[in-house]
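Here's a walk through one protein model, from the overall picture down to single side chains. Keep the structure open as you read.

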Amino acid sequence: AGNPFAAGAEAVMAEREAQLVRLRTLAQERRWLDMVQQFEQEDFAAWPAEGARQASEALTQRGLAFSFLKDGQRTAADLQAATKLDPQNALAWMTLGDNYANNLNDEQQALAAYRQSLAVTGTNHGWQSLSATLSIVRILTDQVKTDDALAALRPYDELPSVAPYWRIRLLRAYGHVYAAGGKEQESLAKFREALHMEAKR
């Protein structure tokens, strides 16, 4: 006979993996209400330490669902638990930033979370780093901190192969920053460049 404890542990791990697959599928299909209804009572944070990354991902997926359902407090609770379990979870940090910005109207906390996401990913071509950067720039532009906003955008000027979709969004962000700083000519130039790129797509 095999070791019953080992068999039991394997069964638990298999069940958790099945839960993660289900969460990913529901998120992909954007079935946020279904996800909450199915997993609302699940205590992901109580998963054993060796499953910390999986627990962090599960909390992030459920946090995403709460965020789309505009439940800011429960979103924050899940995502803060997710980042505690796995501080390198860039998606959790970014979604936490979105939640603070869009659901809880806390710009300072949003900036802090977006910057944590960026600290994990670094400045690269990936959608997470670009999304976090553009979110940071939008908040700084609204606060008319144009020098800080331009500094956040500048690293992407050195990246030659940013995809056209993101390059257009970066150019528009520049346009808004320059407009907020009263630099009308620079603003128009960036918006025209974005339009020109869009016409070529």
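Of the 201 residues in the protein, 41% are buried, where buried means under 20% relative accessible area, exposed means over 50% and partly exposed is in between (1.4 Å probe, protein chains only). Keep in mind that this is a predicted model: local features need pLDDT of at least 70, side-chain atom pairs count only at pLDDT 80 or more, and totals for chains, interfaces and linings use all residues. Residues are numbered from 1 along each chain as its sequence is written, and side-chain values use heavy atoms, with hydrogens and water left out.

**The overall picture**

The protein has 10 helices and zero strands. Helices (H or I, at least four residues) and strands (E, at least two) are DSSP runs, numbered from the N terminus. The C-alpha trace spans about 80 × 35 × 25 Å along its principal axes.

**Helix H4 and its cover**

How far apart are the end C-alpha atoms of helix H4? They are 20 Å apart, which agrees with the 20 Å that its 14 residues (72-85) should span at 1.5 Å a residue. That expected span is 1.5 Å times one less than the number of residues. Among the buried residues of H4 are Gly 72, Thr 75, Ala 76 and Leu 79. Helix H3 (52-68) and helix H5 (90-102) are included in what covers the buried residues of H4.

Now look at Thr 95, which sits in helix H5. Thr 95 counts as buried because its relative accessible area is 3%. Leaving out residues up to four places away in sequence, Thr 95 touches Leu 64 and Leu 79; contact means heavy atoms within 4.5 Å.

In soluble globular proteins, nonpolar side chains tend to be buried together. The largest nonpolar core here has 48 residues, and those with the most contacts inside it include Leu 23, Phe 44 and Leu 170. Helix H7 (residues 127-142) gives the largest share of this core, seven residues. Such a core is a set of buried Ala, Val, Leu, Ile, Met, Phe, Trp, Tyr and Cys residues joined through side-chain atoms within 4.5 Å. Leu 170 is in contact with Leu 130, Leu 134, Leu 153, Tyr 156 and Val 162, leaving aside neighbours within four places in sequence.

**Rings that pair up**

How many aromatic pairs does the structure hold? There are five. Rings of Phe, Tyr and Trp (its six-membered ring) pair if their centres lie within 6.5 Å; planes under 30 degrees apart count as stacked, over 60 as edge-to-face and the rest as tilted. Here are two of the pairs:

| Pair | Centre to centre | Angle between planes | Kind |
|---|---|---|---|
| Phe 39 and Phe 44 | 6.2 Å | 35 degrees | tilted |
| Tyr 165 and Trp 166 | 5.1 Å | 80 degrees | edge-to-face |

Phe 39 is buried at 6% relative accessibility, and Phe 44 is buried at 0%. Tyr 165, at 40%, counts as partly exposed, while Trp 166 is buried at 13%. Ring pairs also link Phe 39, Phe 44 and Trp 47 into a cluster.

Asn 105 is in the loop between H5 and helix H6 (107-121). Asn 105 has a positive phi of about 50 degrees although it isn't a glycine, and with a relative accessible area of 64% it is exposed.
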